[in-house]
There are 2 protein chains.
Amino acid sequence: MPRRTSAKPPKRKRPNSYHHGDLKAALVACATDILRKAGPSALTLRAVARAAGVSEAAPYRHFADRRELVAAVAEAGFERLGQAMGAAMQQGSRGGLRAVAEAYVRFAHENEAEYRVMFGPEVANTAHLPALRETARSVLAFVAQGIGKLQQAGLVGPGDPGLMAVVTWAQLHGLVMLSLDGQSTKVAPSIEAQVQEATRIMMFGMAAR
Amino acid sequence: MPRRTSAKPPKRKRPNSYHHGDLKAALVACATDILRKAGPSALTLRAVARAAGVSEAAPYRHFADRRELVAAVAEAGFERLGQAMGAAMQQGSRGGLRAVAEAYVRFAHENEAEYRVMFGPEVANTAHLPALRETARSVLAFVAQGIGKLQQAGLVGPGDPGLMAVVTWAQLHGLVMLSLDGQSTKVAPSIEAQVQEATRIMMFGMAAR
DNA sequence: CTTGCGGTGTTAACGGTGTCAACACTAAGT
DNA sequence: ACTTAGTGTTGACACCGTTAACACCGCAAG
């Protein structure tokens with residue numbers, strides 16, 4: 001194949017404009033799209049710029065480096081995750097935790113590449129990414145709040161809801177990771193069975209303080 | 001260079017030779033070393049080759065691509081993890097699960113970069129890496145075996161040990177990941193407290209079938 | 001209206017990386 | 001001694017992250 005340096009007419013959202021209008025958001029959207037369709041290895045700064053119909057150095061006007069772009073993608077993912085969990089929360093009080101757990105697992109499986117990026121090594125150092133850290137923490141606070149409600153309803157024994165939330169989140173996250181890696185499918189029948197078993201164990205353990 | 005013809009070359013390292021002797025193992029060792037000292041972003045095929053004192057294309061005689069090298073590093077990590085868990089198993093029967101859990105968490109924290117690679121997206125598709133898959137599965141089998149012993153001792157209720165092992169591993173893995181990402185430090189005081197809380201919940205839940 | 005200026009997009013380049021083909025050297029078997 | 005397979009080397013290609021220098025747009029000040 002010949003070199004790809006041939007001229008490609010840039011498609012602009014505002015035809016008569018040299019400037020893009022909202023490149024930053026467009027870049028995040030294109031990056032998420034690429035991530036979904038072609039996997040993490042294709043998530044390249046240059047590819048994102050090309051997908052946005054812009055020169056390959058343009059992203060540097062909005063992101064200091066590649067990490068910041070990836071972090072923005074991860075942050076958007078956390079927000080969508082929070083929305084999915086919030087929607088599942090309305091399902092009722094008894095199976096509330098169960099419904100949220102299933103929503104979490106479903107999100108992870110339906111958005112595998114995004115989920116991997118959210119917890120991947122590229123955004124590992126959340127100390128330097130305050131926005132990401134805050135978004136992720138709000139998810140944790142959400143779980144803690146749900147556990148608090150279960151405690152008031154007498155379905156969960158006393159104890160620090162924050163600690164229980166961490167343990168609960170960890171359980172789900174670990175389950176999802178092992179499932180995504182194909183490490184658990186041959187031993188345990190299905191992800192649903194694993195979630196069921198996990199929530200059962202968690203509920204028993206948390207009620208038994 | 002010098003013509004040194006040694007008497008019996010037993011496939012071991014021979015410094016004064018055009019051929020390396022055991023480049024594959026040396027490459028994995030150098031890669032692990034680089035990973036520990038400089039982090040995942042420095043784990044580059046070329047850098048590994050340079051560290052091994054060999055040309056930058058030499059690794060392709062032993063690994064099809066970069067993924068295979070990384071997978072080999074991950075496999076070595078799983079083996080060391082298994083050894084650490086096995087050593088902790090000898091500590092006694094009552095707190096056996098607890099001791100293994102602590103060994104697991106300690107390994108992850110003392111070998112953060114390695115641990116991240118073991119579960120990272122670069123080796124995600126274990127379906128194409130049978131050796132890695134098998135090594136990881138033996139760790140799971142090890143946990144399942146320990147749970148079986150606890151069942152015989154009456155410390156854990158009846159149920160599929162394989163399923164329980166998956167749930168247990170997932171709990172530990174999730175805890176470790178959140179801790180490594182700095183997502184849990186501000187909510188739960190210490191990783192020890194989290195392990196304690198997690199094992200307490202797990203033991204209660206598993207005993208209560 | 002002209003002029004200047006800051007924000008944004010472009011071009012061109014640098015060094016580094018994964019990968020491959022062609023070549024070179026060595027060990028070992030015939 | 002000749003061949004051959006295995007292993008290391010050289011050189012090249014395309015791509016990537018990043019930066020500097022430049023070009024264009026919109027807008028405010030004069």
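**Note on the predicted two-chain model**

1. In this predicted model, the side chains of E114(A) and R36(A) form a salt bridge, with an N to O distance of 3.0 Å. The two residues bring together distant parts of the chain: E114(A) sits in helix α5 of chain A, whereas R36(A) belongs to helix α1 (residues 23-38) of chain A. They are 78 residues apart. Over all chains, the search of the whole structure gives 20 salt bridges.

2. How many salt bridges does the rule find across the interface of chain A and chain B? The count there is zero. Polar contacts do occur across the interface of chain A and chain B: the rule finds four residue pairs, with both residues at pLDDT 80 or more. On the side of chain A that touches chain B, the residues divide into 22 nonpolar, 11 polar and nine charged.

3. The extent of the contact can be given in two ways. By residues, chain A contributes 42 and chain B contributes 41. By area, about 4,000 Å² is buried between chain A and chain B, and carbon and sulfur atoms give 66% of this.

4. Which elements give two or more residues to the side of chain A that touches chain B? They are α6 (130-152), α7 (161-180) and α8 (191-207) of chain A. The largest share comes from α7(A), with 13 residues.

5. The largest pocket holds about 1,200 Å³ of space. Its lining has 32 residues, and those nearest its centre are P121(A), E122(A), R66(B), P121(B) and E122(B). Both chains therefore take part in the lining, given that a lining residue has an atom within 4 Å of a point of the pocket. At least two lining residues come from each of α3 (66-89) and α5 (112-118) of chain A, and from each of α3 (66-89) and α5 (112-118) of chain B. Helix α5 of chain A also carries E114(A), the residue in point 1. By class, the lining of the largest pocket has 15 nonpolar, seven polar and 10 charged residues.

6. The whole structure has five cavities of 30 Å³ or more. About 70 Å³ lies in the largest cavity. Its lining is R116, F119, G120, P121 and M177 of chain A together with R116, F119, G120, P121 and M177 of chain B. Six of these lining residues are nonpolar, two are polar and two are charged. P121(A) and P121(B) line this cavity and are also among the residues nearest the centre of the largest pocket.

7. The second largest cavity has about 50 Å³ of space. Its lining consists of L97(B), A101(B), T168(B), Q171(B), L172(B), V195(B), A198(B), T199(B) and M202(B). Three helices of chain B, α4 (96-110), α7 (161-180) and α8 (191-207), each supply at least two of the lining residues. Of these, α8(B) gives the most, with four residues. The lining of the second largest cavity has six nonpolar and three polar residues, and no charged ones.

Terms used. Residues are numbered from 1 along each chain as its sequence is written. Chains are lettered from A and ligands numbered from 1 in the order in which they are written. Side-chain values use heavy atoms; hydrogens and water are left out. Contact means heavy atoms within 4.5 Å. Buried area is the accessible area (1.4 Å probe) that two parts lose on being put together, summed over both. A salt bridge is a side-chain nitrogen of Lys or Arg within 4 Å of a carboxyl oxygen of Asp or Glu. A polar contact is a pair of N or O atoms within 3.5 Å; within protein, one must be able to donate a hydrogen and the other to accept it, and residues adjacent in sequence count only if both atoms are side-chain atoms. Ala, Val, Leu, Ile, Met, Phe, Trp, Tyr, Cys and Pro count as nonpolar, Asp, Glu, Lys and Arg as charged, and the others, Gly among them, as polar. On a 1 Å grid over the protein atoms alone, a cavity is a set of points where a 1.4 Å probe fits but cannot get out, and a pocket is an open set with protein on both sides within 12 Å along at least five of seven lines; lining residues have an atom within 4 Å of a point. Grid points are joined across faces, edges and corners, and a volume is the space filled by probe spheres set on the points.
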